[in-house]
Amino acid sequence: MTSPDPETLSHWYPVAMVGDLTHATFQTMLLDRMIEISHDENNAFQALCGNRPLPVQERYGYLWTSLGEPVRDIPAIPEAAEADRRLVCCGSIAVHASGLRVVENFLDMAHFPFVHTNILGAEPETEVRRYQIETREDGAEIWATDCTFFQPQAALSASGGILTDYTYRVAAPFSTLLYKTCPASPERQDVIALFVQPMTATRSRAHPVMFLIDDSSSLGGLVEFQQFIFLQDRIILENQRPRLMPLDGKYEIPTMADRSSVAYRRWLKGKGVTYGALS
C-alpha cells in the first residue's frame, strides 16, 4: 500500500457518476484505500473508509470525496451555470496508468495527428505552435494559453476542419480542463474537463465531463464521441513505461511542444506530489 503525500491528500476526487449509483452500496478505490459509497431513502450519499466517514459533495454530475482535509474546493467552472450549456457526463473509464500520466496526456497537443488521426489532427498539419504558460491563483493552478491546432473534426457538431483555439487549465494535480473553440458558436468556448481518480499509484479511473453549446447532437452521440477519443488515449497510456511518471528531467527529453508537460512536472515537484510519480 502506497502512502499518499500531504498535497495529494488535500484535494477532492470524483469516485462515481451520480447516475450510476443505483445500488444500495458501491465500492471503489481511492489512493490505495477502499471506499464504500451508500445512500439513504432520501438519496443522501455517505462515504466510508473503513469506519471513518468521509466528506461528500455532488458536483458536475459526479460524487466527490476526500481522504484528507481539502485546502481548496472542487475546481470552479463558471460555464457550468450557463443556461444554454449541456452537461455531458461521459462515464468512468479505468486506466492502468498513473493518474499524473493521464493528466499529462490530456495536456499534449503533439499526439493529435498520430493518435486521433482525422479527428483532432492529421498529417501534414503536425506543428504545435508556440504557446504561453502561466500560473494563477497564487500558484495553485497552471494555465497554457494561446494554443492553436488544426483539427479535421474538433467536435461531434463540427462539419469541417478548423484552426481550433485551446486554453488548458490544471486546477489540481489530478484535475484538468480545456477551453476550446465551439463550432456551433465560434465567439464562445466549449469546456471539457478530465477529473482523475487515482485508485492506486499506477491505476486510475478517468471521469470526463463536458459543458457544451450543442443543441443538435444526441446525448448518446456526444458520450460515444468523447469515449472514443479517450479510449484511443488509453492505448498509449497503458503502454507507457515506467507506469509512474518521472518528475526529473533526466528520464525523458522534452521538446518545445512539451512546454505544458515540463511546467506540470515542475509544478508537481514544487508542491511535493509523489503519489503516482517516479521517485
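Tyrosine 166 and tyrosine 168 are both buried (under 20% relative accessible area with a 1.4 Å probe, protein chains only). In this predicted model, local features require pLDDT of at least 70 and side-chain atom pairs pLDDT 80 or more, while totals for chains, interfaces and linings use all residues. Residues are numbered from 1 along each chain as its sequence is written, and side-chain values use heavy atoms, with hydrogens and water left out. The protein has an average pLDDT (the predictor's confidence in each residue, from 0 to 100) of 90, and 88% of the residues score at least 70.

The structure contains 8 aromatic pairs (ring centres of Phe, Tyr or Trp, the last by its six-membered ring, within 6.5 Å; stacked if the planes are under 30 degrees apart). Tyrosine 166 and tyrosine 168 make a stacked pair, with 5.4 Å centre to centre and 25 degrees between the planes. One aromatic cluster is formed by Tyr60, Trp64, Phe195 and Phe211.

Charges over rings (NZ of Lys or CZ of Arg within 6 Å of the ring centre and within 35 degrees of the ring normal) involve arginine 136, whose charged end sits 4.0 Å from the ring centre of tryptophan 143. Arginine 259 lies over the face of tyrosine 131, 5.7 Å from the ring centre.

The whole structure has 3 cavities of 30 Å³ or more (sets of points on a 1 Å grid over the protein atoms alone where a 1.4 Å probe fits but cannot get out). The second largest cavity has a volume of about 70 Å³. Its lining residues (an atom within 4 Å of a point) include Trp12, Arg72, Asp73 and Ser175.

How values were computed. Rings of Phe, Tyr and Trp (its six-membered ring) pair if their centres lie within 6.5 Å; planes under 30 degrees apart count as stacked, over 60 as edge-to-face and the rest as tilted. Buried means under 20% relative accessible area, exposed over 50%, partly exposed in between (1.4 Å probe, protein chains only). On a 1 Å grid over the protein atoms alone, a cavity is a set of points where a 1.4 Å probe fits but cannot get out, and a pocket is an open set with protein on both sides within 12 Å along at least five of seven lines; lining residues have an atom within 4 Å of a point. Grid points are joined across faces, edges and corners, and a volume is the space filled by probe spheres set on the points.
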